[in-house]
Amino acid sequence: RHQFTINDGWKFQFGGNAYAEEIISADAKWENVSLPHTWNAHDPFDDDRTYKRGIAWYRKELLLDKSFKEKKVYLFFEGVNQVADVFVNGAFAVRHKGGYTAFAFDVTDFLKWKGDTSKNLIAVQVNNAHDPFIGPLSVGYAIYGGIYRDAWIITTDKLHFKDINNNSSGVYISTPSVSNEQANIAVKTMVQNET
C-alpha cells in the first residue's frame, strides 16, 4: 500500500456552477487553495451572527505516474462538510453525506491513461446548507463548509486488504481475554484478490 497527500494545488469557487465537474470548464480565475480549507474561516471574526452556507466547488488536476497503472487507486477524504459529490474526469464517482466521517472509494476505472502518464480531473461539489436529515442539526458552533481535512491517494496491489472502503487499514486486532498471566490476541482481516 502506498499513500500520499493531494492537499496542494486545488482551485476553489463558492457558488453553484453548472458543469463545473466537466474537464472543459474553465477554472483559471478560481481561487488557488490548499487543503484543509473552509470558506467560513473569517465568519467568526465579523459582526454578523450568521455564516456562509451553500454550495462550492473544488477542482484539482491529478497526475499519476506509470507505476500506478496496474494498481488499485482510491481517493480518501478525511472530512468534507457536509455533503460531497465527487466527480472524476467529469463522471460522477460518489456522494458522501456527513461532515464528520472520512470516506474512501475506488477510482481505478475512472482514471485515463495516455502512455505512461495519467492526467485526471478531480471535482468536488461541497454543500454545507442546512439539511434536517444530516446530523448534527443544532450545535454550539458553525458548520463550516469545505474540504476541511486532508485528502489522499491510496494505491494497493490488486491483491489487497479489503476494508479500505470502510476507512481502515483492513486489519483488526483485539484482545478477547487478558489476565495477569496471559493474553489472547486475535487478528482478523479480509483479503480481496482482483487479479
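Q: What should I know about numbering and confidence before I start?
A: Residues count from 1 along each chain as its sequence is written, and side-chain values use heavy atoms, with hydrogens and water left out. The model is predicted, so local features need pLDDT of at least 70 and side-chain atom pairs count only at pLDDT 80 or more, while totals for chains, interfaces and linings use all residues.

Q: How many helices and strands does the protein have?
A: Elements are DSSP runs, numbered from the N terminus: helices are H or I of at least four residues, strands are E of at least two. Here there are zero helices and 14 strands.

Q: In what order do the six strands of the open sheet lie?
A: Two strands pair if DSSP finds at least two bridges between them. The order is S3-S2-S4-S9-S6-S7, with antiparallel pairing. Strand S3 (31-33) and strand S7 (91-97) are the edges, and each pairs on one side only.

Q: By what angle are neighbouring strands of this sheet turned against each other?
A: Axes are lines fitted to C-alpha atoms, and angles run from 0 to 180 degrees between N-to-C directions. In this sheet the average is 25°, direction ignored.

Q: How many bridges join strand S6 to S7?
A: Six bridges join S6 (residues 83-88) to S7, and the two run antiparallel. Asp 85 has Arg 95 in S7 as its bridge partner.

Q: Is Lys 119 buried or exposed?
A: Buried means under 20% relative accessible area, exposed over 50%, partly exposed in between (1.4 Å probe, protein chains only). Lys 119 has a relative accessible area of 54%, so it is exposed. Lys 119 lies in strand S9 (residues 118-127). Across the protein, buried residues make up 39% of the 195 residues.

Q: Which residues does Lys 119 touch?
A: Contact means heavy atoms within 4.5 Å. Not counting residues up to four places away in sequence, Lys 119 touches Glu 61, Leu 62, Leu 63, Asn 89 and Lys 112. Asn 184 is 65 residues from Lys 119 along the chain, and their C-alpha atoms are separated by 48 Å.

Q: What share of contacts joins residues at least 24 apart?
A: Take the contacts between residues at least 6 apart in sequence: 73% of them join residues at least 24 apart.

Q: What does the C-alpha trace span along its principal axes?
A: The span is about 60 × 50 × 25 Å.
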